[in-house]
Amino acid sequence: DRGLTIGGNRGRPLAELLLDPELTDPIALAVSSFQLETIVQFRPSIAVVLNLSEAHLDRHHTVAEYARIKSRIFMNHQPDDVLILAFDDPRVRSLARKHNGRTLFVSAQQPVDRGAWLERGVLHVNLDGAVEEIGPAQPTHPENLLSAALSARLMGIAPAALARAIAEEPS
């Protein structure tokens, strides 16, 4: 079993994590659009963009500019890197056109060709053409659960282990 370290906007600051010689776990990192404005070499192997809300228009002025800034999370991606996008939001879904790596989608409303979705209260994952039925899920924030489940599968977490973790999590 691998652990997971939380950092960035939530948990420990990334700079602190990078200086920790004991840390060998993967890092789930929350990165704000403010931080993305100044990145240079940042390259997460899995990046997730779930929304383009009007939350930061006081700083970014337009949704188009906000989308450009959020797209910086995958600006250094290579073909082996993965971008997970919310399929149900056309503005987010359209970011796939800019991505150089592998793009997967999450949807709370419909099956997707590659990614994760909820169908009649059951979480499904399709990474490479084979649909896996993970198990029941009734999340309060479906896109968060779907992107976490998809990331876990990409990191090699077995479907049964993922189903157990979801069943143990409060909704």
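Visitor: Before we start, what does buried mean here?
Guide: Buried means under 20% relative accessible area, exposed means over 50%, and partly exposed is in between. Keep in mind that this is a predicted model.

Visitor: Fine. Take Ser33, then. Buried or exposed?
Guide: Ser33 has a relative accessible area of 6%, so it counts as buried.

Visitor: Where is Ser33 found?
Guide: In helix 2, which covers residues 33-36.

Visitor: How many residues along the chain separate Ser33 and Ile69?
Guide: They are 36 residues apart along the chain. Their C-alpha atoms are separated by 6.2 Å.

Visitor: Zoom out. How many helices and strands are there?
Guide: The chain has seven helices and eight strands.

Visitor: What is the strand order in the open sheet?
Guide: Six strands form it, in the order 3-4-5-6-7-8. The pairing is mixed.

Visitor: And which are the edge strands?
Guide: Strand 3 (46-49) and strand 8 (131-136). Each pairs on one side only. On average, neighbouring strands of this sheet are turned by 20° against each other, direction ignored.

Visitor: Strands 6 and 7: parallel or antiparallel?
Guide: Antiparallel. Five bridges join strand 6 (residues 115-119) to strand 7 (residues 122-126).

Visitor: Which residue stands opposite Ala116?
Guide: Val125, in strand 7.

Visitor: What holds paired strands together in general?
Guide: Strands of a sheet pair through backbone hydrogen bonds, either parallel or antiparallel.

Visitor: Which strands does helix 6 lie across?
Guide: Helix 6 (residues 142-154) lies across strand 3, strand 4 (82-86), strand 5 (102-107), strand 6, strand 7 and strand 8. It runs at about 140° to strand 5.

Visitor: Switching to charges. How many salt bridges are there?
Guide: The count comes to seven. One of them pairs Arg43 with Asp80, the closest N and O atoms being 3.3 Å apart. That pair links distant parts of the chain, 37 residues apart. Arg43 sits in the loop between helix 2 and strand 3. Asp80 sits in the loop between helix 4 (63-71) and strand 4.

Visitor: How accessible is Arg43?
Guide: Arg43 is partly exposed, at 41% relative accessible area. Asp80 is exposed, at 61%.

Visitor: Which residue forms a salt bridge with Arg68?
Guide: Glu65, with the closest N and O atoms 2.8 Å apart. Both residues are in helix 4, three residues apart, so about one helical turn separates them. Arg68 is partly exposed at 40% relative accessibility. Glu65 is also partly exposed, at 27%.

Visitor: And what does Arg91 pair with?
Guide: Arg91 forms a salt bridge with Asp89, the closest N and O atoms being 3.8 Å apart. Arg91 is partly exposed at 35% relative accessibility. Asp89 has 18%, so it is buried.

Visitor: Last topic, overall dimensions. What is the radius of gyration?
Guide: The chain has 16 Å. A compact globule with 171 residues would have a value near 16 Å, so the two agree. The C-alpha trace spans about 40 × 40 × 30 Å along its principal axes.

Visitor: What share of the residues is buried?
Guide: Buried residues make up 37% of the 171.

Visitor: And how much of the accessible surface belongs to carbon and sulfur atoms?
Guide: 51%, out of about 9,800 Å² for the chain.

Notes: Residues are numbered from 1 along each chain as its sequence is written. This is a predicted model: local features need pLDDT of at least 70, side-chain atom pairs count only at pLDDT 80 or more; totals for chains, interfaces and linings use all residues. Side-chain values use heavy atoms; hydrogens and water are left out. Two strands pair if DSSP finds at least two bridges between them. Helices (H or I, at least four residues) and strands (E, at least two) are DSSP runs, numbered from the N terminus. Axes are lines fitted to C-alpha atoms, for helices over the stretch in contact, and angles run from 0 to 180 degrees between N-to-C directions. Contact means heavy atoms within 4.5 Å. Buried means under 20% relative accessible area, exposed over 50%, partly exposed in between (1.4 Å probe, protein chains only). A salt bridge is a side-chain nitrogen of Lys or Arg within 4 Å of a carboxyl oxygen of Asp or Glu. The radius of gyration is taken over C-alpha atoms; the globule rule is 2.2 Å times the number of residues to the power 0.38. Accessible areas come from the Shrake-Rupley method with a 1.4 Å probe; for residues, only the protein chains shown count as cover.
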